[in-house]
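Hi everyone, thanks for making time for this. Let's walk through a pocket and its ligand together.

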Amino acid sequence: MATQRTLSIIKPDATNRNLTGAINAKFEEAGLRIVAQKRIRLSRDQAGAFYAVHKERPFYDELCEFMCSAPVVVQVLEGENAIAMNRDVMGATNPAEAADGTIRKEYALSIGENSVHGSDAEETAKQEIAFFFSELEIVG
Ligand code: ADP
Ligand code: MG
C-alpha cells in the first residue's frame, strides 16, 4: 500500500462547536499525519467552485451556504492508504448510517452538517489539495 495524501475539511458545524482538536485527534490516532493546515472562511463562490461536481444535486445551494456560514479548517492528511483511511475514520455521509467510533457518528448533526469532508479518490485528492494549497505549504 502506497503513501497517499488526501484533502480533509473540518466543516462549519464542527468549528462552531470547537471540535477541531477532537476531530484531529481521531485522524492522528488512525496514523494519519496533518502535513498542511489552515483555518479560512470560504466565500460563496469558493464553496460553489469546490463543490462544482454536485452542481446538479438538490442539496447544492444548501451545501454551499453551509460551507461559507462559518470558518472551516482545510488540511492535507498523509499516510498509508490515506484516502480510504480518512473515509473510514470519517464514517458514512449520513450520521444515522455511520459506524460506531467514526467522526460523523460521534459529531455530525445531520446528513448535510456532517462535520468533515474527505477526498474520495486519487484524482480528486490531487485536485482538491491543489484547490487550497501550493506544494510549498505541504510539509511532510
Ligand atoms: P461525502 O461528503 O461523504 O463524500 P457527498 O460527496 O455525497 O458525501 O456529498 C457532499 C456533501 O454534501 C456531504 O458531505 C453533505 O455535507 C452534503 N450532502 C450530501 N447529501 C445530502 C443530502 N441528501 N442533503 C443535504 N446535504 C447533503
Ligand atoms: Mg464526496
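Which element gives the most to the lining of the largest pocket? That is α7, with four residues; helices here are DSSP runs of H or I with at least four residues, strands are E runs of at least two, and both are numbered from the N terminus. Please keep in mind that this is a predicted model, where local features need pLDDT of at least 70, side-chain atom pairs count only at pLDDT 80 or more, and totals for chains, interfaces and linings use all residues. Residues are numbered from 1 along each chain as written, chains are lettered from A and ligands numbered from 1 in the order written, and side-chain values use heavy atoms, leaving out hydrogens and water.

Besides α7 (122-132), at least two lining residues each come from α3 (44-50), α4 (60-67), α5 (82-90) and β4 (116-118). In the lining, 10 residues are nonpolar, 10 are polar and eight are charged. Here Ala, Val, Leu, Ile, Met, Phe, Trp, Tyr, Cys and Pro count as nonpolar, Asp, Glu, Lys and Arg as charged, and the others, Gly among them, as polar.

Now to the ligand. Around ligand 1 we find, among others, His54, Phe59, Leu63 and Asn114, each with a heavy atom within 4 Å of the ligand. That shell splits into three nonpolar, four polar and four charged residues.

What about polar contacts, meaning pairs of N or O atoms within 3.5 Å? An oxygen of ligand 1 lies 2.9 Å from a side-chain N or O atom of arginine 87. For the side chain of arginine 104, the corresponding distance is 3.0 Å. Glycine 112 takes part through a polar backbone atom, 2.8 Å from a ligand oxygen.

Terms used:
A polar contact is a pair of N or O atoms within 3.5 Å; within protein, one must be able to donate a hydrogen and the other to accept it, and residues adjacent in sequence count only if both atoms are side-chain atoms.
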